[in-house]
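Please look over the structure below before reading on.

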Amino acid sequence: MRRLLTIILILTIISCEQKETTKADLSFKLISWGSFYGAEPEQIEKFEKIFDSINKNPNSRKQDKELNDFFLRLKDNGLFTSPYINLRIGTDSTLVVYLSESEYKKVKDFNHNDLLKRNKKVELELDIIKKDIDIYYAERIISVNEVDGQTYWKK
């Protein structure tokens, strides 16, 4: 019994999500499809049926299976319908980060075109947790600052 408790404790410690405070710039993607945030229940149901058919079809394309796997992992992590933002980390990396609705409210009103016209960018400091492969969650946005600079965007 004591060994079992020790093993469970070790596995719990190893599996704990690591939180990291990160500074990054808010970036924008013209076409972005990272979750079903804001989708109607009928739309979600339709896509869940598509994902189910991809799972059942042994001849599904590799890209379809990868997309299906990604959305299944989002669902498993409770982020399937969560809002998300794109972050520019460093000079050559972007990262999709999911947020709670309350944290998303802190950044949702920033407009890509407005920032570009005014030569501004948004610097963020966030506590980020890696939930899964390529799935990151901002537990808390610590600060949001609009400063002079170039806003990054991608087609």
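What follows is a short briefing, grouped by topic.

This is a predicted model: local features need pLDDT of at least 70, side-chain atom pairs count only at pLDDT 80 or more, and totals for chains, interfaces and linings use all residues. Residues are numbered from 1 along each chain as its sequence is written, and side-chain values use heavy atoms, with hydrogens and water left out.

**Aromatic pairs**

- A pair of aromatic rings is described by the distance of the centres and the angle of the planes.
- The structure holds 10 aromatic pairs. Rings of Phe, Tyr and Trp (its six-membered ring) pair if their centres lie within 6.5 Å; planes under 30 degrees apart count as stacked, over 60 as edge-to-face and the rest as tilted.
- F70 and F71 form an edge-to-face pair, because their ring centres are 5.5 Å apart and their planes stand at 75°.
- F70 is buried at 17% relative accessibility. F71 is buried too, at 1%. Buried means under 20% relative accessible area, exposed over 50%, and partly exposed in between (1.4 Å probe, protein chains only).
- Y84 and Y98 make a tilted pair, with 5.8 Å from centre to centre and 50° between the planes.
- Y84 belongs to strand β2 (residues 84–89) and Y98 to strand β3 (residues 93–99), so this pair ties together parts that are 14 residues apart in sequence. Helices (H or I, at least four residues) and strands (E, at least two) are DSSP runs, numbered from the N terminus.
- Y84 counts as buried at 18% relative accessibility, and Y98 is buried at 0%.
- One aromatic cluster is formed by F36, F47, F51, F70, F71 and F80.

**Charges over rings**

- The charged end of R88 sits over the ring of Y152, 3.7 Å from its centre.
- K131 places its charged end over the ring of Y137, 5.4 Å from the centre.
- A charge sits over a ring if NZ of Lys or CZ of Arg is within 6 Å of the ring centre and within 35 degrees of the ring normal.

**Helix α2**

- Helix α2 (residues 41–56) has 16 residues and should span 22 Å at 1.5 Å a residue; its end C-alpha atoms are 23 Å apart, which agrees. The expected span is 1.5 Å times one less than the number of residues.
- Which residues of α2 are buried? They are I44, F51 and I54.
- These residues cover an arc of only 75° around the axis, so they lie on the same side of α2. The arc is that of the directions from the helix axis to the C-beta atoms.
- The buried residues of α2 pack against α3 (62–76), where contact means heavy atoms within 4.5 Å.
- The face of α2 turned away from its buried side carries the exposed residues E42, K46, K49 and K56.
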